[in-house]
Amino acid sequence: MAQSSTETDWVSRFADEVIAEAERRAPGKPVVVASGLSPSGPIHLGNLREVMTPHLVADEIRRRGIEVRHVLSWDDYDRYRKVPNGVEGVDPSWAEHIGKPLTAVPAPAGSAHGSWAEHFKAAMVEALAELGVEYDPISQTEQYTSGVYREQVLFAMKHRADIDAILDQYRTKQKPGGKKPQQKQVDEAELEAAEGSGAAAEDDGSTSEGEYFPYKPYCGECGKDFTKVTSYDDETTELTYVCAEDQFTETVKLSEFNRGKLVWKVDWPMRWAYEGVIFEPSGVDHSSPGSSFQVGGQIVHIFGGEQPIGPMYAFVGISGMAKMSSSKGGVPTPADALKIMEPQLLRWLYARRRPNQSFKIAFDQEIQRLYDEWDKLESKVTDGSVLPADAAAHTRAVRTAAGELPRTPRPMPYRTLASVVDITAGHDEQTLRILSDLDPTTPLTSLDEVRPRLDRAENWITTQVPADQRTLVRDDADTELLSSLDAEGRESLRLLVDGLDSHWSLDGLTTLVYGVPKVMAGLEPDAKPTPELKVAQRTFFALLYRLLVTRETGPRLPTLLLAVGADRVRKLLAA
């Protein structure tokens with residue numbers, strides 16, 4: 001068995017706990033970890049933590065040779081709660097489907113999928129495959145409509161008074177003197193997780209009057225869940241309900257009826273017991289007093305199970321954006337992230353932070369720094385100087401128990417690739433020429449050597465960088481600016497132009513552009529910089545940017561010079 005508790009990363013520590021707990025609860029059986037996703041809209045990068053946390057733990061357990069099952073429940077039998085904003089192909093008319101199961105709602109216009117649920121599941125399924133996440137998918141629509149949970153539903157109805165007593169501990173009570181209490185605050189994400197739990201009443205299935213029933217039928221007439229159970233017979237299992245939407249009423253035998261589901265706060269703990277879940281993380285929304293995770297921890301005992309162990313995980317943000325909500329359009333999804341970064345980098349962002357630590361995923365310039373940090377980590381792994389916890393996070397990022405993820409054969413710096421495709425507008429021949437010039441001793445022979453990282457950098461430039469920040473090289477020299485230069489300015493340009501041929505590589509041009517101000521100051525090209533010298537370098541760099549791209553900033557100058565080409569640089573800098 002592999003090393004476990006002596007390791008220093010959070011994944012190994014959780015794996016130790018989960019293995020020990022599984023041995024106590026179900027010795028000899030596969031370890032079960034779980035995730036749940038509701039395809040109510042775009043499944044965003046915050047939701048991905050719901051999957052990546054148990055995935056990383058399950059993968060560590062699998063590496064140790066222990067059989068483990070990662071159950072991913074698609075909560076596609078949840079009710080369609082509201083029309084998301086900003087979803088392409090969706091207009092306000094979709095509100096007519098509110099109250100139906102997500103699998104009974106049409107997909108957005110133009111979708112190749114048969115339902116709302118399938119449409120939003122598809123992108124996530126593809127992203128999880130690219131990320132190397134191994135799981136057992138379970139459609140809750142299939143589970144309920146095929147009668148898999150029939151015994152659990154009948155059991156919950158028989159023990160409804162016990163469930164009601166637990167839920168009643170957390171319900172808002174009438175204050176003395178008849179004053180109405182303040183409404184409990186429910187987080188947006190808690191509501192989303194509870195989509196299948198009811199209409200206008202509380203999300204535990206309670207009603208303002210009458211007997212409590214933990215089951216919601218979908219109406220036989222309109223297909224929605226604006227229903228109320230009015231009577232139930234434990235012996236015959238005859239259930240009568242009425243729909244507030246169309247006044248449709250129906251009496252059915254629950255022992256033969258599959259068009260409905262347990263309310264969320266009962267459904268979740270029922271599944272823990274049914275699947276034998278040992279580990280399942282939960283968002284901070286589910287961990288507050290009276291939340292579904294806390295209440296479920298008591299209700300699960302009614303079903304003969306135990307609450308899973310697992311951390312509360314913090315939110316994942318996007319650089320420059322507020323907390324994400326999947327009911328609103330326009331929030332980045334894992335598929336969006338994988339268009340601009342390789343799977344290894346995205347896995348690393350989730351693996352290196354403990355679940356209770358929030359972090360941001362960069363879609364702005366910060367992605368370049370993240371890639372620099374990642375490449376530095378890779379170098380430390382190669383030379384053996386990496387710290388144990390960093391090494392563990394790196395290992396979990398680049399491979400799973402099943403093997404190594406596909407990677408870029410020759411991973412050139414992301415910021416360099418981004419600069420080159422920015423300057424060349426993605427022209428393959430020019431891109432290959434420039435990248436080959438970066439290291440003339442081992443020139444690139446094909447762009448395939450730098451893919452898929454090159455493609456990710458190009459996607460970032462074209463989709464995330466505003467047009468006014470793109471790099472446009474001048475067609476003609478700025479004669480007005482050139483003629484206004486003093487003798488010192490003209491001499492600095494002459495030194496640069498004269499040194500191009502002998503310094504034509506990334507390292508050589510770096511030495512040249514930093515060395516010209518040193519020579520102008522009477523120093524050797526390899527002299528250490530002083531505060532005064534740094535000011536002179538910044539002034540020189542700003543002049544070069546203005547002459548080459550008409551503004552005072554841009555891609556790193558050595559990369560820019562390579563991209564522009566020596567002949568064109570001479571033309572634009574000819575004083």
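User: Why is Arg568 called partly exposed?

Analyst: Arg568 has a relative accessible area of 32%. Buried means under 20%, exposed over 50%, and partly exposed in between (1.4 Å probe, protein chains only). Arg568 is therefore partly exposed. The model is predicted: local features need pLDDT of at least 70, side-chain atom pairs count only at pLDDT 80 or more, and totals for chains, interfaces and linings use all residues. Residues are numbered from 1 along each chain as its sequence is written, and side-chain values use heavy atoms, without hydrogens and water.

User: What makes Arg568 and Asp475 a salt bridge?

Analyst: A salt bridge requires a side-chain nitrogen of Lys or Arg within 4 Å of a carboxyl oxygen of Asp or Glu. The closest N and O atoms of Arg568 and Asp475 are 3.7 Å apart, and the pair is accordingly a salt bridge. Arg568 lies in helix H22 (residues 566-573) and Asp475 in the loop between H16 and helix H17 (479-483), 93 residues apart; helices are DSSP runs (H or I, at least four residues), numbered from the N terminus.

User: Why is Asp475 called exposed?

Analyst: Its relative accessible area is 59%, so Asp475 falls in the exposed class.

User: How do you know that Arg64 and Glu60 are buried?

Analyst: Arg64 has a relative accessible area of 7% and Glu60 one of 4%, so both count as buried. The two residues also form a salt bridge, with the closest N and O atoms 2.8 Å apart.

How values were computed. Helix = DSSP H or I, 4+ residues; strand = E, 2+ residues; numbered from the N terminus.
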